[in-house]
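Visitor: Please take me through one part of this model in detail. I would like to look at a sheet and the helices packed on it.

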Amino acid sequence: MNLAPSRIRIATRRSPLAMWQAEHVASLLKAAHPGLEVDLLPMVTQGDRILDAPLAKIGGKGLFVKELEQGLLSGIADIAVHSMKDVPVELPEGLHLGAILRREDPRDALVSVHYDSLDALPANARIGTSSLRRECQLKSRFPGFQIQGLRGNVNTRLARLDQDEFDAILLASAGLIRLGMADRIRESITPDISLPAIGQGIIGIECRKDDTAVMSLIQALHDQDAANVLEAERAMNERLQGGCQIPIAGHAELLPTQQMRMRGLVGSVDGTTILYAEKTGPVSTAHALGIAVADELLAQGAGPLLLQLQQP
């Protein structure tokens, strides 16, 4: 029997939001296990280094987790803390998601200096976003919008907005809330307008499968409701073999009487094609619901669209 460790090491990215998330996990662990010592191991990932190219062109969101996972596999870290929207469906051999934290607001946020809503923006507004998912949904409803690439951490993106490079930018509400910047949100965009990213607003803790001592520590932080909706969303993504190179959205929400609503979307980058599917069923069938939504999208023609979008 492995004794619970007295110290735990957390691998994290160096961005302000990632550091907040790691510090949040550290505080929760200390509260759950008095006397536990927690060390943060900030790392710079490939996704952090390359800021002058869209994620879709340099390999996708997995570039934000690879170095952290190498830290786990080499033994220099015990857990890695991730934004689940950045975590690929397939994890390296020997690693798994040991705990899922309570979900923060999953919606996209409109941030603007001069405009209070999407509808208030001029027809040719300059919109900053790094997300093909957001881009395709925006272009579908507002074809005149000029979508411009925007990468970097939250503070960098806000600074570019404040320097009048854009009329508005889109960010995840969860990140702004966690950084104490909820006052920058002009409009929380309903999922009917912009269906969120898979895993958006959820923090996950990755660890080694065979490290039962660490597993016993982090289980105190696990939120089963968040784990259930995440399971449905990631099942859909796995079935579609999706990544950030293609505009895919997936959002599950819990309903009364142990029911779950799962919605999925695949679109063309220019917004001229939007495929949408929705299923409702028992929470206990979360994985099957995600698969069913993916199959419905495939039946509508998502396969050829995804194949076309994945071409170099």
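Guide: Here is a close look at the sheet and its helices.
This is a predicted model, where local features need pLDDT of at least 70, side-chain atom pairs count only at pLDDT 80 or more, and totals for chains, interfaces and linings use all residues. Residues are numbered from 1 along each chain as its sequence is written, and side-chain values use heavy atoms, with hydrogens and water left out.

The sheet is open and has 5 strands, in the order S7-S6-S8-S5-S9. Its pairing is mixed. Strands (E, at least two residues) and helices (H or I, at least four) are DSSP runs, numbered from the N terminus. Two strands pair if DSSP finds at least two bridges between them. Strand S7 (146-148) and strand S9 (187-189) are the edges, and each pairs on one side only. Neighbouring strands are turned by 30° against each other on average, direction ignored.

Strand S5 (residues 108-111) pairs with S9 over 3 bridges, in the antiparallel sense. Asp108 has Ile189 in S9 as its bridge partner.

Next, the helices. Helix H5 (residues 132-141) lies across S5, strand S6 (126-128), S7 and strand S8 (168-172). H5 runs at about 130° to S8. Helix H6 (residues 154-162) lies across S5 and S8, at about 165° to S8. Contact means heavy atoms within 4.5 Å. Axes are lines fitted to C-alpha atoms, for helices over the stretch in contact, and angles run from 0 to 180 degrees between N-to-C directions.
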